[in-house]
Amino acid sequence: MQAQAVQSKQGAQSEKIWPQQYPAAFARTQLESVCSLDIDSNPFPQRLSGIICTIGPASQSVEVLERLMNAGMGIARMNFSHGSYEYHKQTLDNVRAAAANHPNPIAIALDTKGPEIRTGVMKAGVNTEVELVPGRPITVTTNDQFKEACDEHNLWCDYRNIINVMVAGKRILIEDGNLSLIVKEKGSDYLKCEVEFGGPLSSKKGINLPGTVTDLAAVSEKDRDDLLFGVANGVDIIFASFIRSGDGVQSIRNILGDKGKRIKIISKIETHDGVRKFNEILDASDGIMVARGDLGVEIPTEKVFLAQKMMVGRCLRAGKPIIVATQMLESMTKKSRPTRAEASDVANAVLDGCDCVMLSGESAKGAFPVVCVETMHKICKEAEAATYHRQLFEELRMLTPKPADMTKTTAITAVAASIENQSSAIIVLTTSGRSATCLSSYRPRCPIIAVTRDEVSSRQMRLLRGVLPILYTEPRSSLWEKDLDNRLQHAMKVAEQRDIIRLGSSVVLVHGSKMGSGNTDTMRIIQWGRK
């Protein structure tokens, strides 16, 4: 969309206000870009970043799901740390019922529980709690006689090998690090500890062992059953929890088998091991999620932003989708407005270059799930406009390994053309979604409208920044050239209906010169509506 300045009058002064932060996007330096940001500049009408919503009691109904989709949700996440198979099947059915009434494809993601460590049940009952007092002793044990008899003196743990991996002086963190124990001595089936930071403790709380290498299996038996449930019910994406190595990703692929080979695996990085082995995990995965909840317990809090920026940068360099998650709008679980720090957190994740941002408890159990999505939608649009695109695109192009293949070369050329021409949209015809992925990886400022006949690809492309997938259901024309033109015309009409392009708008078209996947080699620029 061509940027045209408008006049703003304040008192006796008159100044130009450029839409979409145009001067900042194409400034000569990073500092000049920041100096050029204007709070009165309007963002793009179309949001480019994806929004993932965790579905729970507050959002499971078809009515609320439809409102979430209209507000901007592109991927519905089911958290398998909670709920029965009956509950998750109902969520699946409701998401599909709501999606049937929505113009855009909606993806469904299954988030595995992963190899977690948890405490037992309180002696007084599952819904009771005890108070851990700083300085007092407590015994962490694997003796099953305490499995449902935990109290302030004895705490059962489901990780059998915790006695062997822990040493005196190490910390045991409970409930996201809110409670902290220091190991004093070891026994045959117990650890004598001292409460460092206390507070109330209830049943079945998560345990983290920062700085300790564990031998937990990458995939638990529950995970295996959950993955097979996902295959049987046609989920599009797996969010794989607590991935510590590339072998863990391969274990999941083996379980998914031939029936689930098209399911995308997004590895969640939430341990110190995962950060250290990030490159091999990235190579084995279809994308990455920065899961800052457990990660912020496993590594020092002040290091989390470093890990996030590193992971976003390496995913950008590799051309794979990256999601930033956890506590993004946490206060909106109970309040209708976010804190200023939360708004900045979402914006900075987008400015760094992430593909998607995610809501957890905010949309699953919060009081304002739809307002959360609407708020995130607005923040993302402002941050996208403020991105320093001149530097981002040039660096991405410079870091592309040479020689680039045909599809990637065409994508670079198309994005460069869209920037130089200030195009309103890029339209790409794709089968597997690879051409759209390549275009997205170079972060154009305009939307990428991806036309496909493949239902699975159309939903999975909701992972990609800037991509608006369109499922084309019309019968194939007997002439390939006619069919190509029909799909392009359909995409442009949809773009016009959604106010992405208008009469005279510049549009970049990307497609192949012959039938079949993997043949993307053509880029051309047109003006919509010009005879």
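1. Thr54 counts as buried because its relative accessibility is 4% (buried is under 20% relative accessible area, exposed over 50%, partly exposed in between, with a 1.4 Å probe and protein chains only). Thr54 belongs to strand β3, residues 50–54. Helices here are DSSP runs of H or I with at least four residues, strands are runs of E with at least two, and both are numbered from the N terminus.

2. The model is predicted: local features need pLDDT of at least 70, side-chain atom pairs count only at pLDDT 80 or more, and totals for chains, interfaces and linings use all residues. Residues are numbered from 1 along each chain as its sequence is written, and side-chain values use heavy atoms, with hydrogens and water left out.

3. Which residues does Thr54 contact, leaving aside its neighbours within four places in sequence? They are Ser59, Arg77, Asn79, Met358, Leu359, Ser360, Ser363 and Ala364, where contact means heavy atoms within 4.5 Å.

4. Helix α3 (residues 62–71) and helix α14 (residues 369–386) have axes that come within 9 Å and cross at roughly 10°. Axes are lines fitted to C-alpha atoms, for helices over the stretch in contact, and angles run from 0 to 180 degrees between N-to-C directions. The two helices, α3 and α14, are therefore roughly parallel to each other (angles under 35 degrees count as roughly parallel, over 145 as roughly antiparallel, 65 to 115 as roughly perpendicular and the rest as oblique).

5. On the α3 side, the contact is made by Val64, Arg67, Leu68 and Ala71; α14 supplies Pro369, Val370, Val373, Glu374 and His377. By class, six residues in this contact of α3 with α14 are nonpolar, one is polar and two are charged. The nonpolar class is Ala, Val, Leu, Ile, Met, Phe, Trp, Tyr, Cys and Pro; Asp, Glu, Lys and Arg are charged, and the others, Gly among them, are polar.

6. Met310 sits in helix α11, residues 304–318. Its contacts, apart from neighbours within four places in sequence, are Val275 and Phe278. Between Met310 and Val275 the C-alpha to C-alpha distance is 9.3 Å, at a sequence separation of 35 residues.

7. For the protein chain as a whole, the secondary structure comes to 19 helices and 24 strands. Its radius of gyration is 25 Å, close to the 24 Å from the globule rule for 531 residues, so the chain is as compact as a globular protein of that length. The radius is taken over C-alpha atoms, and the rule is 2.2 Å times the number of residues to the power 0.38.

8. Buried residues make up 54% of the 531 residues. Of the contacts in the protein chain with a separation of 6 or more, 66% are between residues 24 or more positions apart.
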